[in-house]
Amino acid sequence: MKLSLRIALLFFSAILLLLLIMGAAFYELSRQFYEDRLLHDVSDRMTAHGRVLEQDDHDGAFAHIQTMEEAQGEVVFVQFSADGEALRSSDRLTPADTARYWDWIEQSDSEAAITEASTHNEPHVYAYHAFETDRAEGYLFVDQASGEFAATRETLIYLTGIIMLLGLLLAGGLTILLTRWITTPLNQIRSVSSRIANGDFTSELSWKRTDEIGDLSRSIDQMAGRLAAYQASRKRLLANISHDLRTPLTYVKGYSSLLKEKLAADERKQAEVIHREAARMEKLVTDIVDLTKMEDGALSVKPDTIQLCSFLHEIARHHQLLAEETGHRVHVICQKDSTIYADPARLEQALFNLFQNAVRYTPAGTAITWEINCDENRSFILLQDEGPGIQPEKLPHIWDRFYRADEARSSAVPGSGLGLAIVRQIVLASGGQVAAGNRNDRGAWFRIELPSLTN
């Protein structure tokens with residue numbers, strides 16, 4: 001799971017939980033507040049009615065109280081005696097109603113409460129007040145429908161839902177902004193770090209943030225600058241060394257060639273060794289100069305249209321002599337012909353480096369297979385050998401300059417470690433890509449991918 005999704009889920013979940021708690025608290029506090037106000041209002045009315053009866057206990061006073069209560073809506077007003085007999089009521093009561101009201105008076109812990117024990121479809125408010133006059137003592141009881149309270153509760157639920165919905169929308173927007181604020185610089189840092197890992201040290205973040213991400217971006221910029229300076233100094237050093245070595249090596253090669261012709265047979269072998277090593281060093285210097293130019297984009301190329309199948313068959317014939325000397329078998333398989341636009345000389349150099357690398361690191365008598373294929377937009381050149389393969393942890397580094405995958409055989413196997421680096425630079429300059437891996441059964445594979453020339 002990506003970091004941005006984790007942050008979004010965590011933040012949104014926290015906001016959602018907070019909204020649920022706040023919504024539930026808002027609803028419960030509002031409901032409780034309105035319920036308390038309703039009960040307090042009913043209790044105050046009952047207390048006032050009790051005082052009226054205590055001052056003037058007659059039918060006219062009860063009728064006046066009944067008239068006042070009817071103005072409150074659906075109300076049943078009852079006067080009970082001390083032993084539970086209904087003396088007066090604003091509505092005709094059934095024995096069941098009378099018993100239910102009296103049971104509530106006897107069992108209630110408070111003088112007013114909202115109860116569900118009603119024959120109606122909504123909760124009712126029950127309230128009573130004990131009074132005592134010269135004529136009698138008893139209780140005033142009221143059964144008031146809570147329709148207004150039910151409507152208010154529905155309104156509270158609706159308002160709570162609206163508030164939570166708006167809160168969720170706000171939380172979603174804040175989550176998106178927070179995720180972008182955190183992950184956008186991280187994605188840019190990842191992209192720049194990837195380019196730096198691939199050798200592009202010109203990328204800069206240049207952020208002015210003062211937090212940890214800003215510190216990290218500035219550290220990466222400093223690292224890229226130092227790596228660029230190191231790369232430039234290394235290129236200058238290699239260029240200077242190559243330039244200083246090329247002239248004396250030419251002299252050594254020329255003089256050793258003359259010595260081979262004039263010296264005796266036993267001394268001629270020593271001159272041949274000098275000539276061979278001078279030629280090898282001259283080839284190394286040439287490779288270094290070419291690779292440096294390729295990396296700087298200063299190497300001149302002459303692209304042309306290339307028919308891959310015929311081109312590769314011709315190259316295989318040129319390399320047949322080297323294959324015969326080492327006992328290797330060369331096969332060319334053209335699955336589907338393709339036309340590309342590249343420098344023929346440089347592409348031949350890249351293919352020869354791959355072929356030479358396969359010859360050096362595979363046993364004699366094994367097969368080296370070239371295969372050509374393509375799709376709508378890309379052309380593929382695949383080389384497969386039957387050697388020992390490449391250790392998986394070394395695969396990402398085989399395209400680096402001076403890297404030798406088999407260190408144990410580096411002294412025994414000729415080569416400078418520049419061949420695959422040159423292959424990569426030639427292919428990249430042609431708009432392509434390189435890849436390598438191990439075959440399932442035995443050996444390694446190297447693939448060159450180039451854009452096909454379309455109509």
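I began with Cys-334, which is partly exposed at 32% relative accessibility; buried means under 20% relative accessible area, exposed over 50%, and partly exposed in between, with a 1.4 Å probe and protein chains only. This is a predicted model, in which local features need pLDDT of at least 70 and side-chain atom pairs count only at pLDDT 80 or more, while totals for chains, interfaces and linings use all residues. Residues are numbered from 1 along each chain as its sequence is written, and side-chain values use heavy atoms, with hydrogens and water left out.

I looked up the partner of Cys-334: Cys-309 forms a disulfide with Cys-334, the sulfur atoms lying 1.6 Å apart; a disulfide is a pair of cysteine sulfur atoms within 2.5 Å. The two are 25 residues apart and link distant parts of the chain, with Cys-309 in helix 7 (residues 308-318) and Cys-334 in strand 7 (residues 329-334). Helices (H or I, at least four residues) and strands (E, at least two) are DSSP runs numbered from the N terminus. Cys-309 is buried, at 8% relative accessible area.

I noted Cys-374 as buried, at 14% relative accessibility. The structure holds one disulfide.

Of its 455 residues, 38% count as buried.

I also checked confidence: the average pLDDT (the predictor's confidence in each residue, from 0 to 100) is 80 for the chain, and 90% of the residues score at least 70.
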